[in-house]
Amino acid sequence: MKRLVSFALAIIAFCALLAVGSSQLQKSQGATSSGTLTLYNWGDYIDPALLKKFQKQTGYKVQVETFDSNEAMFTKIQQGGTNYDLAVPSEYMIEKMRKANLLVPIDHKRLKGFDNIDPYFRNLSFDPQNHYSVPYFWGTLGIIYNDQMINGSQIQHWNDLWSPKLRNNIMLVDSARDIMGMALISQGHSVNTTNLAELEQAKLKLEGLMPNVKAVVADEIKMYMAQNEAAVAVTWSGEAAEMMANNSHLHYVVPAEGSNLWFDNLVIPKTAKHYKAIYAFLNFMLDPKNAAQNAEYVGYATPNKPAKALLPKAIADDKQFYPSNQVISKLQVYADLGNRMVGIYNDKFLEFKMYHK
């Protein structure tokens, strides 16, 4: 009898261990309790103080999990097994996620403060009427340069990057669409071209840039530029803002001939569970004070018009990060080109990087 009791107790203990293991696995895959909202976000892309404030105001905790590319985020959500409540994809990825039936429509009746979003950043081509997305941040792709190493007048256009004066002195962000797009614009083509001849021309032009390329890197680019490791880098506006905050000799330029205008947005993945927490968070982030605080922390431009008015004048009036409508009119937004064409862009970029090695 005692052996039976011991055996039963062992089974109970084993089941308990399985339950704990299952709970830990669920947490690692984005599954949380009803009092916790899971945000799938880019790294260091929200002020931690705001998360504490949100919990204090609403009682909901926020668990943040991060990704390093739109493609990685898409794959994980598409594979399932996660319960992310909110994610932060870029514009072309929203279009792709919608086509893949991975998003839940936004219930605008439950939103408070959506009118705070500048009309310029609403109802855009990748999500008409904002059926699936709430704008979060926006920005540009551009050139950051060190005035100790190069005169600013010599680095105002994409083609200036090919100057022999910049030999082994340029860093490029590791992003196929952005670097291929830069080359395409320098040749007068669309960043969304599907013309194979134009893509090959862009790749060949990038190969001509090789003598000037010191490295193709990811997040390390911020540290390298802040530490004067290169004269010039091609990167995003928010990354540039962080670099400039750490080195007064750095300056950011959006080439007059055009560049990429990108948008990151909050969306609800199809597997989301905690809708009360989701709308509480969306409304919290639409509040101008919270949006302004987040913009100051992250360094990217806010689409929240009254939030921009709350920013320090030095930030709100900085044309490097809040360019004029005239500049914006020349910028191009990435479209979802489909798996085949995205694969071609990636292959061309990989060939370029292999050539660099």
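The model is predicted, so local features need pLDDT of at least 70 and side-chain atom pairs count only at pLDDT 80 or more, while totals for chains, interfaces and linings use all residues. Residues are numbered from 1 along each chain as its sequence is written, and side-chain values use heavy atoms, with hydrogens and water left out.

Strand S6 (residues 170-173) pairs with strand S8 (residues 232-236) in the parallel sense over three bridges; strands (E, at least two residues) and helices (H or I, at least four) are DSSP runs numbered from the N terminus, and two strands pair if DSSP finds at least two bridges between them. Strand S7 (residues 213-217) also runs parallel to S6, joined to S6 by four bridges. Met171 stands opposite Ala215 in S7 and opposite Ala233 in S8. Ile170 and Leu172 point one way from S6, Met171 and Val173 the other way, and all are buried, that is, under 20% relative accessible area with a 1.4 Å probe, protein chains only.

Strand S10 (residues 261-266) is largely enclosed by the rest of the structure, because six of its six residues are buried. Leu261, Phe263 and Asn265 lie on one side, and Trp262, Asp264 and Leu266 on the other. S10 pairs with strand S5 (residues 134-146) in the antiparallel sense over six bridges, and Gly139 stands opposite Trp262.

S5 is also among the elements that cover the buried residues of helix H10 by contact (heavy atoms within 4.5 Å). Buried residues of H10 (residues 288-298) include Pro288, Asn290 and Val298. Just after H10, Gly299 takes a positive phi of about 100 degrees.

Definitions and conventions. Buried means under 20% relative accessible area, exposed over 50%, partly exposed in between (1.4 Å probe, protein chains only).
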